[in-house]
Amino acid sequence: MAVIGIMSALHEELSAVLADMPDEQRVVVAGRDFWISHWQGHAVVAALSRIGKVAAATTATVMLERFGVDALVFTGVAGGLGPGVRVGDVVVASGLMQHDMDASPLFPRHEVPLYGRALFQSDAILSMQLTEAAQQVLQAAGQHLGPDTLAQFRLISPQVHQGLIVSGDRFVSTTAESQTLRQALPGALAVEMEGAAVAQVCLDYGVPFAAVRTISDRADDAAHTDFNRFIREVASRYSRAILLQWLTQRPVD
Ligand code: ADE
């Protein structure tokens, strides 16, 4: 049976997914928790990467080497960069880049040395399936979050976007920095701290990768007063609902 890996940086981001998993077995490898389980008939391993590219790359490597996952999905929160990418929207990565990679003048800015590329594509089929699942969930956002949460976080008709996610070892929390990022990478829809590293590891191993991120802030001076509450009450519930919807529709193989 194919094994699906699910990763988030923080426990809060994965809490609703873990709460939903039956027959959990927890294994600790490299100081990280890995939960081996079944969800909707699929064999699943869920893990917390911690924050940042190196921590995420280590976790992804354990997922692939030790648990032999056949596909890896990263889910969690991100800061919105693209115009119209609002708090409460979901971004599914079509590809990922490291915004802080710069080995110039030896290599072009953003290119990962010796990979001959800056952009790491996510798996097209996985990403399309997750986009459809996210659309179905967000159309019924009120059912998943409740009207009070929608009102509290002022979530009005949340949207799903598909496009470039950029990753770097920095929480982007000033308007000046997010503007600089937008200028350097005009196509970027969202910024986070792990995805591009995991995409690179998955490319190394030839394993399909996808990333689904709920926008928690606009990566600006207002990012983010209610960060932890937003993750608990919105992002973690979206992650659970989107993955559940996806797995329900995916044949067990
Ligand atoms: N994850 C969520 N918001 C973020 C931000 N503004 N910068 C980096 N990672 C994030």
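Reply: The account below begins with the ligand and then turns to the cores and to selected residues.

This is a predicted model, in which local features need pLDDT of at least 70 and side-chain atom pairs count only at pLDDT 80 or more, while totals for chains, interfaces and linings use all residues. Residues are numbered from 1 along each chain as its sequence is written, and side-chain values use heavy atoms, with hydrogens and water left out.

The ligand is surrounded by 13 residues, the closest being Gly79, Phe171, Val172, Glu192 and Asp217; a residue is near a molecule or strand if one of its heavy atoms lies within 4 Å of it. By class, this shell holds 8 nonpolar, 2 polar and 3 charged residues. Here Ala, Val, Leu, Ile, Met, Phe, Trp, Tyr, Cys and Pro count as nonpolar, Asp, Glu, Lys and Arg as charged, and the others, Gly among them, as polar. The strands β5 (71-80), β9 (188-192) and β10 (209-217) each supply at least two residues of the shell, and β5 gives the most, with 3 residues. Helices (H or I, at least four residues) and strands (E, at least two) are DSSP runs, numbered from the N terminus.

An N or O atom in the side chain of Asp217 is 2.7 Å from a ligand nitrogen atom, a polar backbone atom of Val172 is 2.8 Å from a ligand nitrogen atom, and a backbone N or O atom of Gly79 is 3.3 Å from a ligand nitrogen atom. Taken alone the ligand exposes 260 Å², of which the protein buries 96%; accessible areas come from the Shrake-Rupley method with a 1.4 Å probe, and for residues only the protein chains shown count as cover.

The largest nonpolar core has 42 residues, and Ile6, Trp39, Tyr238, Ile242 and Trp246 touch the most other members. Such a core is a set of buried Ala, Val, Leu, Ile, Met, Phe, Trp, Tyr and Cys residues joined through side-chain atoms within 4.5 Å; buried means under 20% relative accessible area, exposed over 50%, and partly exposed in between (1.4 Å probe, protein chains only). Helix α8 (residues 227-249) provides the largest share of this core, 12 residues. Apart from it lies another core, of 38 residues, among them Met7, Val29, Ala43 and Phe74.

Helix α3 (residues 124-139) contains Thr131 and also Ser127. Thr131 counts as buried because its relative accessibility is 9%, and Ser127 is buried, with a relative accessible area of 1%. The side chain of Thr131 reaches the backbone oxygen of Ser127 at 2.6 Å, while a polar side-chain atom of Ser127 lies 2.7 Å from the backbone oxygen of Asp123.

Asp221 is found in the loop between β10 and α8. With a relative accessible area of 58%, Asp221 is exposed. Its side chain makes a polar contact with the side chain of Thr175 (3.0 Å); a polar contact is a pair of N or O atoms within 3.5 Å, where within protein one must be able to donate a hydrogen and the other to accept it, and residues adjacent in sequence count only if both atoms are side-chain atoms.
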